[in-house]
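Reader: Hi! Could you walk me through this protein?
Author: Happy to, here it is.

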Amino acid sequence: MELSSEWKSVFPISSVFTPPLLLSSKQVLGPLVFNPKPQSLTHLFSSSSLIPHSSPPPPPPPPPLPRISLITPDSSIPNDATFLHNHNRLSFLNLPHSNSLLVFFPTGPNSEQVGFLLLSINDSGSGSGSGFHIRAAKDGDVFRENTGFEYRILNIAVKPFANSAGKTSNSYSSVGYLLASTLCSVHWFVVKDKKLASPRLICLGTKVFKSSSVVYACWSPHIPEESVVLLESGALFLFDLESHLRNGTSNSRFRGTRLPVSWDGDSGNCKWLGCEFSWHPRILIVARSDAVFLVDLRFDECTVSCLAKVEILRMYASVENEQFLTFTMAGSDGFCFVLASDSLLLLCDVRKPMMPLLQWAHGLDKPCYVHVLRLSELRSDVRDDTYRWASESGFCIILGSFQSCDFNLFCYGPTLPTPRGSIVSEVSEVFKTLYAWELPSELLLSGRECRCGSCLVREEILKDDLPEWIDWQQKKELVLGFVILNKDLSAAMLPESDEFGGFTLIRLMSSGKLESQRYCASWDSVKKLKEFHTELLHFKDNFMYMDDEEYKFPRKFKYLKFDNLSAYLNGNLTEVLDSKLKKPCKGPREKESFSTESHEILCEKLKACGFGRLRSSPAGATVFNDISSPASIHEVALRRLWAGLPMELLQLAYSNYSEFLEVLVDQKKVALEFLVVPDLPQLPPFFLRRPSCRSNKWSKKVQRDDALVGPVLPLPILLTLHEYRNGYSELEEEAGAFSVEMELRLRCDEIKQAASGMAVSDSSCELHDDHAVSLADDREDILGGSQKPKAFCLYHPLALKCSTMDHAKDNVFKDEKFDNLIFKVPEKKHVPNGTVETIGPELFDDLCLTELRFDASVKNFGPNELKYYNDLKSQWSKWQDNFNLCQEFCTQFKFQKQST
C-alpha cells in the first residue's frame, strides 16, 4: 500500500521494521560512517586555563533585588558536573583571507572570562602535510578577556562578517562578533585582527537580567548586528548593535527591546530550551520542553502559533515521561528545525506544523547537544567523485551528550536522482520528500577509545567497582567541546585527499588539552582500535573537578594488615591460624615472654569471680552468678565462652604494656592501646570499664603504665587456639567440624534453655530453640549441683516489641539472642534497727530491681546519709505509683513495692 509522505513520517527510523522513509543505496549515497584515524591524533595545546575548575561562589551582583532567587550566585555556579556538560564549550571563527582560525572557550577561576587561541595552518613544504601553529599570550597561556562580572559563562556564539579586510590591512579590522551568555547576563564583543599581531577581543556592552535567568542567546543570520535573548520566564529581548556602535561607546550597559510576546496558558514545570531566527528577520522559533512555537513579529501585533507538541510522539513514546531536550535550526533556508526528546529525534518544517518530516529513535541518554551540517562539510577533499551528488544534497545531524560522551550521526536528504523529464522526477520536484539515508551511526568523539565488546565490558566493570560516592565521570577524561573545520581549512592540512573524504575535528578535553584529529568516511564502523585496544583501561582523576588551590595536606597512605579479620569474615580463620602456627616466627621477641607478676594478678581477679585452675563451681554457674545488670542472651553466651577457656589462654589474652612490641606508624614506634582490667570482680570480657592511662611518647611526666590490660587477642582466635590445644586435627578441619559461629550458637542455645527454667519470664518472652541441644549433663553443671541458684528475670523490652502491623508487614528484624534480656534479682536483706552504723550502699538494692555493684570504696551510712536515702526512697515510691508500665512490670514478675 502506497502511503503519502505525511503518513510515512509517522514511523520512526530504527524503531520499526522497514520504515518507509529509510533510503539505503550504497552505490549512490556512498559511505556515511566516519571513523577516527588514530595516527592523525595531534596534541595542539595544554593549559590549566582550559579546565573548568570548581570554585567558591562569587560575590553577589551589585544591586540586590527581591526577585533574585533564580540568579543568585549559588545558582549561577552549579557544582554538579551535569551543568558543565550541557553546552559545547568550544567555538571558532574563521579569519578571512588566511588559513587561520580563532577558537573560543570559557576560562578563569569560575569560567567568567572569554579565552581564545589563534590557530594557523602552516605548510611544512615537505609534502607530508601541514600542522597547526598555536599563538598564545606572551606568558605562554591563553588570551583572555574579562566580562566585568564573576558569573560563569555557559555559552559562546560567534558571528563572522561577510566582508572583511582581514589581515591584508596594516591596522586592526573587525572580523566578527562574539556573544557570551551567563545565567544572569549577556556580553557582546567584537573580534579584531591585524597582520603579524595578536588578535583582540573588545567588549561592546553588557546586559544584566535581574528578574529572570538567561536561557539562550543567538545571533541573527539576516542582520549581523542583531541578536535575541530568551529568559527563563519566556520573555524575549531583541538587541541591535548598530545604534550602539554609532555612539562610539564601549563596555556600557545595553538596553534591548522587549518583544511583545504573550504565551497562552500556564507552562507549569516546562522549561524553555532556546530560540532561533527563521526565514525572516522578524520571525522566531522558540522551543519549550513541551512545545515549539513560531513567533511572527512582522506586523504590529505579535502572532504566536504552535509548530510541534510533545503529544505528537505518543505513538512511539510515553507522553507522561517524554519531553523535548534540545533544539536547533537545520539548513540555511530558515524553514527546517531539529528537535530531540528523551527517545526520538525529529526533523520538522515551519510550513508543516504538527507533522514531522522525519523521525529517528536515537537511543541516547539525555542528549543535550544537536548540530546540523551539510554532508559536503564531512566528506570534503575526496579523490573519488562518484558520490558528489549525495555530498552536495545530503545533511548530517550530530546528536549526543557531553556527559556520557555518546554521539550519533543521522544522515538525511532527498530521494535518489532520477532521469530528468520523467514523471518520478517531476513528482519529486513538487513534493520534495526527505528520506533518512541509512541507519544512524556512532561518532567516536574522543577518538581514543576502543569500542569492541571486551573493552566495553571492562569499562562497565570498572564503573561498578567504583564506590557509590564517586562518579565515574570524575575518573575519566571527557570531551568538553569540539568544532569541525570547514572544507577549505581541512584541505589545507592534508598531504593528500582521502578516498571518500573526511573532516578535521578539534576537541577540548577535560584534562585541559586541545587536540585535532582526522576522521575519514568509511563503509563500516571500526569497533576495535588497535592503537588503544592493547592499552590497559583504567580511571584517573579528572582535573576538572579539582580546585585551583593546591592540596595542603600530606598525601600519605597507611596500610594495615587485617589478615586474621579477613579470614574470620571469610570463614577460614582455622586454616590461616594453622598455616601461621606451622611457620617459624621471624619477628623480634622479648627476652622474657611473660610477666609472672601480671599473670598472678590476673589469676587473683579471676579467682575472685569464682573460677580458676581448681574451680569450686562449673563455668555455667559462674556465668549466671556474674549477671547483675540486664544482659542479652548473646552477652551471657560470650561470658560463658570466656569462662570456659583454660587459665593458660586467659593469661595469653591479658598482659601489660611492658610486654607489648611497639608498632611502626608514620616512621615512629608507638604502643597499641587497650582497656584496663577492672578491680571489681567480674568475668571477661569485662564490660563497663575505664580506659588505660598511657601515651605514645613515654616521658618523665607520663610514666609507663604497668596495669593489666586486655584482651589483646579476640575471642575467635582464642577459641580456635583452644581447639588446637584439645587436639583438633586436620581431618576435622577438612570436615568442617569446628566453627566459631557454630560454637557461639550452641552456647546461646544452652543459655536460653537454662534461662527458661531458672528465670521468671513475661508472656511476650518466648525462647524458641531452633537447634536442639542436649543439656542432660550440663543442667546439673549450670545449677552448680548443691549450690542453690539465685532468682533471675527474663523479659522482652517494650521498645523491641513490634505492633501487629509490623508483624504483618514482616519488616522488623528479630533475634532472640539480642531481644531478650536476663538479670539477677537481688536478695532483700532485713536490716535491724540497732545497726544503722553498719548500713552501706546495699540499701539501694531495695530501690532497684537489679543488683547494683559500686566500683568504689565501701562507706557506711550515718544519720545524715540515711535521712537523704529515705527522702529519695519516698520520691521513688511516688514515681512508681504514677508510672503504669513500672507497676505492670512489678505485678507481672511479682516484685513487691517497697514501703516508704
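Author: What follows is a short chat about this structure, from the whole protein down to single residues. This is a predicted model, where local features need pLDDT of at least 70, side-chain atom pairs count only at pLDDT 80 or more, and totals for chains, interfaces and linings use all residues. Residues are numbered from 1 along each chain as its sequence is written, and side-chain values use heavy atoms, with hydrogens and water left out.

Reader: Which residues touch the most others in the largest nonpolar core?
Author: That core has 51 residues, and L347, W360, I397, I398, Y412, W437 and F482 touch the most other members. Apart from it lies another core, of 21 residues, including L50 and L508. A nonpolar core is a set of buried Ala, Val, Leu, Ile, Met, Phe, Trp, Tyr and Cys residues joined through side-chain atoms within 4.5 Å.

Reader: What is W437 in contact with?
Author: Leaving aside neighbours within four places in sequence, the contacts of W437 include L23, L375, W389, Y412 and P414. Contact here means heavy atoms within 4.5 Å.

Reader: New topic: sheets! What is the strand order in the open sheet of four strands?
Author: The order is β13-β14-β15-β17, with antiparallel pairing. β13 (214-219) and β17 (257-258) stand at the edges with a single partner strand each, so one side of each has no neighbour in the sheet. Two strands pair if DSSP finds at least two bridges between them.

Reader: How many bridges join β13 and β14?
Author: Five bridges, in the antiparallel sense, and β14 covers residues 226-231. In one of these pairings, A217 has V229 in β14 as its bridge partner.

Reader: What about salt bridges, how many does the structure hold?
Author: It holds 16. A salt bridge is a side-chain nitrogen of Lys or Arg within 4 Å of a carboxyl oxygen of Asp or Glu. R282 and E226 form one, with their closest N and O atoms 2.9 Å apart. R282 lies in the loop between β18 (272-277) and β19 (283-288) and E226 in strand β14, so the pair ties together parts that are 56 residues apart in sequence.

Reader: Are those two buried or exposed?
Author: R282 counts as partly exposed at 26% relative accessibility, while E226 is buried at 5%.

Reader: Last one: which residues form the nonpolar patch on the surface?
Author: F562, L565, Y568 and L569 form that patch, with about 420 Å² of accessible area together. F562 sits in the loop between α11 (530-533) and α12 (563-570). Patches are made of residues with over 30% relative accessible area and no salt bridge; like charges are joined within 9 Å, and nonpolar side chains (Val, Leu, Ile, Met, Phe, Trp, Tyr) within 5 Å. Accessible areas come from the Shrake-Rupley method with a 1.4 Å probe, and for residues only the protein chains shown count as cover.

Definitions and conventions:
Helix = DSSP H or I, 4+ residues; strand = E, 2+ residues; numbered from the N terminus. Buried < 20%, exposed > 50% of the residue type's maximum accessible area, 1.4 Å probe, protein only.
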